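Please keep the sequence and the coordinates at hand while reading.

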Amino acid sequence: MKRFIGNSLYFVIPFVVYSLIIAFIDPFNYLDGFSITSEEKRETIAKDSEPHLYKIIAFENDPKKNWVLGDSRSNGLYDAMDQDQWASLSYGGASLKEMIQSFWWATEIVKPDTVLIGINLNLYNKFNRRFWVEETLSRKGNYFTYAFNKYTFNATVALTKSLITPEKEPEPETEVDDPEAKKYYWQKKLKETDKFYKNITYPDQYKKQLTEIAEYCKKEDIKLIFWIPPLHKDYHDVLEQYDLKEYTERFRSDMRAFGDVFDFNYDSKLIIDSQNFRDPVHFNAEIAREIEKEIRNYAPSHSKLYRH
């Protein structure tokens with residue numbers, strides 16, 4: 001019996017020690033402020049490791065009544081917003097499925113005042129259906145699944161290293177991107193269009209689900225706004241090979257049926273100037289501030305506003 005107890009302890013102790021380390025480091029704030037690491041370090045390391053887990057737990061810990069949903073372009077817009085008033089449930093490379101799941105999950109925590117959803121044509125596609133949000137909700141379901149997954153482990157290791165390794169002096173910030181690097185990534189993005197548009201198919205199910213969101217928002221007196229991020233003219237030129245004119249008009253018509261729409265992706269000065277973009281699909285910080293101001297003030301300048 002003693003031998004059995006001893007063997008059991010040898011087996012259990014490592015799990016207990018590991019669980020305690022996770023509790024003290026807590027890279028994704030699961031225990032909401034218990035961590036011995038700084039919030040700044042956790043945000044930098046954990047958000048890079050698994051942004052879905054970081055943002056979902058952040059929302060749970062501090063739910064706000066104004067939400068931004070979308071992909072990396074909505075992330076860029078959120079950087080220019082009042083983050084004391086707005087919460088971001090936007091994720092790089094997000095699918096429309098993830099946005100819809102995030103919306104309904106968040107409504108179980110708090111009823112919003114305003115919901116701002118960023119959707120481009122490439123997301124309005126039957127085959128655009130990544131499901132990381134679903135997996136993330138499972139990972140944070142209890143402390144065991146939170147502690148014993150690779151993202152929590154990797155972020156904990158990185159944060160532990162940051163505690164014992166002297167910090168390097170930050171490199172001086174530069175106002176201008178490396179033009180050669182920008183040129184490389186610009187062309188890379190232009191060559192990736194097949195991935196999104198070659199087999200684009202009308203998303204009947206997504207339309208139905210967005211209609212349900214629109215009806216819920218109307219019933220609950222929630223302001224629902226959609227915005228269509230700008231793409232540079234070079235990207236528009238490449239998209240001509242896919243003959244998307246009819247599909248695009250149907251997409252815009254659907255968006256206008258759901259809620260107010262700010263459309264920044266039309267033939268304007270904004271999409272012509274490459275200095276407004278980091279690459280053909282991502283605008284820069286200055287344009288993010290312009291977009292935020294237009295939406296906040298309901299004063300279109302670089303956009304077309306369609307009121308629902």
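Trp-105 has a relative accessibility of 12% in this predicted model. Buried means under 20% relative accessible area, so Trp-105 counts as buried. Phe-59 is buried as well, with a relative accessible area of 3%.

These two residues form an aromatic pair. A pair of aromatic rings is described by the distance of the centres and the angle of the planes. For Phe-59 and Trp-105 the ring centres are 5.7 Å apart and the planes stand at 55°, so the pair is tilted. Phe-59 belongs to helix α3, residues 51–61, whereas Trp-105 belongs to helix α5, so the pair ties together parts that lie 46 residues apart in sequence. The pair is also part of a cluster: ring pairs link Phe-59 and Trp-105 with Trp-67, Phe-103, Trp-104 and Tyr-216. Over the whole structure, a search finds 24 aromatic pairs.

Helix α5, residues 96–107, and helix α11, residues 204–219, pack at an angle of about 30°, and their axes are 11 Å apart. Angles under 35 degrees count as roughly parallel, and α5 and α11 are therefore roughly parallel to each other. The crossing in which α5 passes α11 is left-handed. On the α5 side, the contact is made by Leu-96, Lys-97, Ile-100, Phe-103, Trp-104 and Thr-107. From α11 come Tyr-206, Gln-209, Leu-210, Glu-212, Ile-213, Tyr-216 and Cys-217. By type, the residues of this contact divide into nine nonpolar, two polar and two charged. Phe-103, Trp-104 and Tyr-216, which take part in this contact, are also among the members of the aromatic cluster.

Leu-270 counts as buried, at 3% relative accessibility. Leaving aside residues up to four places away in sequence, Leu-270 touches Pro-230, Phe-264, Asn-276, Phe-277, Ile-287 and His-302. One of these, Ile-287, is 17 residues from Leu-270 in sequence and 8.5 Å away in space, C-alpha to C-alpha.

At the level of the whole chain, the protein has 15 helices and eight strands. Its C-alpha trace spans about 75 × 50 × 35 Å along the principal axes. Of its 308 residues, 45% count as buried. Among contacts between residues at least 6 apart in sequence, 77% join residues at least 24 apart.

Technical notes:
Residues are numbered from 1 along each chain as its sequence is written. This is a predicted model: local features need pLDDT of at least 70, side-chain atom pairs count only at pLDDT 80 or more; totals for chains, interfaces and linings use all residues. Side-chain values use heavy atoms; hydrogens and water are left out. Axes are lines fitted to C-alpha atoms, for helices over the stretch in contact, and angles run from 0 to 180 degrees between N-to-C directions. Helices (H or I, at least four residues) and strands (E, at least two) are DSSP runs, numbered from the N terminus. Angles under 35 degrees count as roughly parallel, over 145 as roughly antiparallel, 65 to 115 as roughly perpendicular and the rest as oblique. A crossing is left-handed if the near helix is turned anticlockwise from the far one by less than a right angle, and right-handed if clockwise. Contact means heavy atoms within 4.5 Å. Ala, Val, Leu, Ile, Met, Phe, Trp, Tyr, Cys and Pro count as nonpolar, Asp, Glu, Lys and Arg as charged, and the others, Gly among them, as polar. Rings of Phe, Tyr and Trp (its six-membered ring) pair if their centres lie within 6.5 Å; planes under 30 degrees apart count as stacked, over 60 as edge-to-face and the rest as tilted. Buried means under 20% relative accessible area, exposed over 50%, partly exposed in between (1.4 Å probe, protein chains only).
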